[in-house]
Each structure stands twice: as C-alpha cells, then as structure tokens.
Amino acid sequence: MIKNRFLSITVITLIYIFAAVCGFISYNFFTNPEGLNLSYGLAIFLADVFATIVIFVFSLIFNNASVYDPYWSVQPPVILAAVLIKNGQSENPLMAFLLFAAVLFWAIRLTGNWIYNFESFDYQDWRYVMLREKSGKLYPFVNFLGIHLFPTVVVFLCILPAVIAVVEGGVFSPVSLIFIILSFVAAIIQLIADLQMQSFRKSGSGGFIRKGLWKHARHPNYAGEILMWWGIGLASVVSLGGKWQLLCGALINTLMFLFVSIPMADKRQSRKPGFEEYKKETRMLI
C-alpha cells in the first residue's frame, strides 16, 4: 500500500488519465458509423460507465473505494470539454462557454478539497468503511453499484442538460445568466464552507462547528451542491426553450442528499453528546 501522500495522488492522477483515455476510445467506438453508431447521449453515458468500471478495477487493486472519490468532480468538466471540442463551431458559443466555466469552477473547488483531505491510500471515506462492515460478503456488489455506478449515473444526469445545451446550441438569455450566476454562488458557498471546516478541524476543539455558514446550517456544503446542479439544469433548460425533463438529474441529486447523504452524516454526528440540541437549533440546509 502506498503511504506517501504525493505519490498516492500522482498514482490516482495517472489512473484517471487512463480512465479518460479509455472513455474517449469507447465513445469513438460507440459513435463510429462502422461500429455501433449510437446517439451522442447514449454513447457518452456508456463511455462514462466504461471509465467508471476502469476506476472500480483500480479501487479493487488498491483495496480502497476512495479511489473513486474524485470522479464526482472530474467527470462533468471532462465530458463537457469533450463535447465542446466536438461542437466547437456552435452558433451560440457564449452559452456553452458560461456553462463550462461554471462547471469548471465547481470542479476545481471540489477536486481541490479532495486533494487537501486525501492523505494516502491508507485513507478511505468513513461511509465506505461503514458499508463494508454492514454488507459483509455482499460488499463487492455494494461497492460497484452503490459507491461507483450510482453516483456516476446521478452526476451524468446532472451534466446532461449542459451537454444537450452545447450540442443543440442553447441560446443565451438574461434568465439563463441568472441561473449560471446561481451555480457560481453555489460553488462559492461550498468553498467557504470547506475553508471554515478545515479551520475548525485544525483547531482541534471537537464538538460541532457553529461558526460562519455552519452556524446557520448543518450541511452548507450539501446545500451548495444541490444549488449548483439546479443552476446548471435550469440555465440549460431555459437556453433550450424547454425540455424540462432534463431537470430529473438535479431532482435525483437533491433526493440523494436529502434521503441518503444527510441522514448518514447526521447519524454519525449523533454519536457526539448534545447532537439533538444542536439539530434543533441548526437548520439542515441554508
């Protein structure tokens, strides 16, 4: 097991480059007229799943599901960048540029937070450890379906409206700009929440963080994540003049946080003395 932090991050970076190359190769195969010749949306999805399988294999090799952690933030800008390259002659480049800028800003923030917290291959997200303990012999299935594939599908559905807006030439408008700004604000909220949490952890005071954004909400970072994808989804739908069904990704993402991520985090926090009082005094989301 690699214990050096720099070497661990370098190895994961190489894994992701390899996964991206595999994804691009599979996408070209899926869209090749002499191959499967699939629609671009289905081809991107299958390529995304193939890249996820590559990451999953390496998580097995290193016996650490946290190899997948950066995928959530790396996947959207890579997909959108690939689509922009293939559709560089769009009639409405401003909308495409703004969508990509918002997604890239969010991705840099989230990936940076992962780099800051990832110590080495000795580190593994506490949720994965809990799932391993609870699922026992079924963990390999839980690992692939729950930890890897399900988040890939969710974030694919979240970025899909932007992909379609780029490919189909979504039109820029003041209303779409408002939602783009919402996405930037959401990412800034997450950045501030991250910095405040890092400062709190460094202080070693323990208990519950009740400063800054965390004074008003138990999960301001999750609030930012939810707002981010509603912003991207609504900006894209408005630019397309409809296709409201594309907001299913933002909706599923919201439900995932409300009924999975937040309850799991609260259950872990409930082990600390005074949690019930803290929960009553502090809203769930901003």
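This briefing describes aromatic pairs, salt bridges and a charged patch in one protein model. The model is predicted, so that local features need pLDDT of at least 70 and side-chain atom pairs count only at pLDDT 80 or more, while totals for chains, interfaces and linings use all residues. Residues are numbered from 1 along each chain as its sequence is written, and side-chain values use heavy atoms, with hydrogens and water left out.

**Aromatic pairs**

- Rings of Phe, Tyr and Trp (its six-membered ring) pair if their centres lie within 6.5 Å, with planes under 30 degrees apart counted as stacked, over 60 as edge-to-face and the rest as tilted; the count comes to 16 aromatic pairs.
- One of these is the tilted pair of Tyr 16 and Tyr 71, at 6.2 Å centre to centre and with 45° between the planes.
- Because Tyr 16 lies in helix H1 (residues 5–31) and Tyr 71 in helix H3 (residues 71–86), this pair ties together parts that are 55 residues apart in sequence; helices here are DSSP runs of H or I with at least four residues, numbered from the N terminus.
- Tyr 16 counts as buried at 10% relative accessibility, and Tyr 71 counts as buried at 6%, where buried means under 20% relative accessible area, exposed over 50% and partly exposed in between (1.4 Å probe, protein chains only).
- The ring centres of Phe 118 and Tyr 123 are 6.0 Å apart and their planes stand at 85°, so the pair is edge-to-face.
- Phe 118 is buried at 1% relative accessibility, whereas Tyr 123 is partly exposed at 27%.

**Salt bridges**

- A salt bridge is a side-chain nitrogen of Lys or Arg within 4 Å of a carboxyl oxygen of Asp or Glu, and the count comes to 6 salt bridges.
- Lys 3 and Asp 122 meet in one of them, at 3.1 Å from N to O; Lys 3 lies in the segment before H1 and Asp 122 in the loop between helix H4 (93–117) and helix H5 (126–135), so the pair ties together parts that are 119 residues apart in sequence.
- Lys 3 is exposed, with a relative accessible area of 57%, while Asp 122 is partly exposed at 48%.

**Charged patch**

- Lys 134, Arg 201, Lys 267, Arg 268, Arg 271 and Lys 272 gather in a surface patch of positive charge, a patch being made of residues with over 30% relative accessible area and no salt bridge, with like charges joined within 9 Å.
- Arg 201, in helix H7 (residues 174–203), is exposed with a relative accessible area of 56%.

How values were computed: Helices (H or I, at least four residues) and strands (E, at least two) are DSSP runs, numbered from the N terminus. Patches are made of residues with over 30% relative accessible area and no salt bridge: like charges are joined within 9 Å, nonpolar side chains (Val, Leu, Ile, Met, Phe, Trp, Tyr) within 5 Å. Accessible areas come from the Shrake-Rupley method with a 1.4 Å probe; for residues, only the protein chains shown count as cover. Lys and Arg count as positive and Asp and Glu as negative; His and the chain ends are not counted. The place of a charge is taken as NZ of Lys, CZ of Arg, CG of Asp or CD of Glu.
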